[in-house]
Structure formats: structure tokens, C-alpha cells
Amino acid sequence: MRFKINPGDHTLIAGPNGCGKSSLFRILGHLWPLKGGVLRKPSFSEIFYIPQRPYLPTGSLREQIIYPHTYEDMKKLGKTDEQLIKLLEVVDIDYIRIRHKGLDIVKDWNDVLSGGEKQRMAMARLFYHCPKYAILDECTSACSVDIEGKMYNYAKSLNITLLTVSHRRTLWKFHDYVLKYSGDVI
């Protein structure tokens, strides 16, 4: 297989279960080693990977948004809590900050948040880091279609090139290209 994705070439990868869609993303995200062929891609700092079940470390609500950055990293970048609150508003989960009385509350967020809230938190994290490319592996499968659309539109407004694996046909309209795996063994 040979293909090239330029900045702004929003690409959706579709195909039957088990055909290798997520495997491709795991290789792109450095989660699996490349066993053969040639892979040319932007630097690690220009790509952000969001899986279906995002990692949420025990820590403050702020730390969920800025992960893997620290608060000191955030400050060095000139980012503010007000900007983080805006991101929570964009993904429609600012009520979590309000309910827990701020960004400083420390919790095991894996136990606190629902599946859809975890996925929206991961999208807020994507917007905070604002990479050139986002690898999105079924990362909005537990979100409603309207919230999913809002998040995809916002990512595009930030000029983040989207590479998405999803079974949802509702996401096709946010992409310029569809790469369909047939499921055939080569």
C-alpha cells in the first residue's frame, strides 16, 4: 500500500473489523514497530494520537487536559486556565469543572467520567496541544453525533489534519478522502 497525506488532507480510514485500520495508526503513533516497508512522517511533536479509550492519569482536572505536559510546561507556553476552560466548553464538559469546583480537584478520572466524557476530555487535550496531525482511532465512538461534529469542526478550524478510523458514516463529511480497506489478505 502506498499513499501520502499532506497537511489539510483530512482522511478517514474505513473497513471491516480486523482488517488492520487500527494497526496502521499504532505504527504511526509509535505504539508498534514498523516490521517492513518505508514510513515517512512528520516529527513526533507534530502528531497527536487519541485512542478509543484515552489515558487519564490520576491528577487534577487541569492535568487531564494538558497531559503529558505539566503545569510548569503549560505556564512556559503562556497558556492559561481560562483557555483550558474554553476547551472544556468547546467539548461540552465544562459542567465537570463546575461540579468539582475548579481545575485543581484531584481524582481518579477513569472512575469519575463516563466513556463519552473521557473521549471529550481527550479531544480537549488534542485542542490544547494543537498538533499539525491528529490520529483519531474511534475516539468519538461514545459521543453523540452533534458533539462529535462540533469537535471535528473545531479541530479543522485549528488547522489540525485529521486521520480518522471510524465505522460512523456521519464522520465522512468531515474528511476529504476515504481510504477503504477491503479486508482481503495480501
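How many residues does helix 8 have, and how far does helix 8 reach from its first C-alpha to its last? Helix 8 (residues 145–157) has 13 residues and reaches 18 Å. That is close to the 18 Å expected at 1.5 Å a residue, where the expected span is 1.5 Å times one less than the number of residues. Helices (H or I, at least four residues) and strands (E, at least two) are DSSP runs, numbered from the N terminus.

This is a predicted model: local features need pLDDT of at least 70, side-chain atom pairs count only at pLDDT 80 or more, and totals for chains, interfaces and linings use all residues. Residues are numbered from 1 along each chain as its sequence is written, and side-chain values use heavy atoms, with hydrogens and water left out.

Stay with helix 8. Its buried residues are Ile-147, Glu-148, Gly-149, Met-151, Tyr-152 and Ala-155. Buried means under 20% relative accessible area, exposed over 50%, partly exposed in between (1.4 Å probe, protein chains only). These buried residues pack against helix 7 (115–129), strand 5 (133–137) and strand 6 (161–165). After helix 8 comes Asn-159, with a positive phi near 60°.

Now the rings. The whole structure holds three aromatic pairs. Rings of Phe, Tyr and Trp (its six-membered ring) pair if their centres lie within 6.5 Å; planes under 30 degrees apart count as stacked, over 60 as edge-to-face and the rest as tilted. Phe-127 and Tyr-154 form an edge-to-face pair, 4.8 Å centre to centre with 70° between the planes. Phe-127 lies in helix 7 and Tyr-154 in helix 8, so the pair ties together parts 27 residues apart in sequence. Phe-127 is buried at 5% relative accessible area, while Tyr-154 is partly exposed at 21%.

Charges also sit over rings (NZ of Lys or CZ of Arg within 6 Å of the ring centre and within 35 degrees of the ring normal). Lys-79 lies over the face of Tyr-128, 4.5 Å from the ring centre. Arg-169 lies over the face of Trp-172, at 4.0 Å from the ring centre.

Helix 2 (residues 61–66) holds Gln-64. Gln-64 is buried, with a relative accessible area of 0%. Contact means heavy atoms within 4.5 Å. Leaving aside neighbours within four places in sequence, Gln-64 is in contact with Leu-56, Pro-57, Thr-58, Gly-59, Trp-109, Met-121 and Arg-125.
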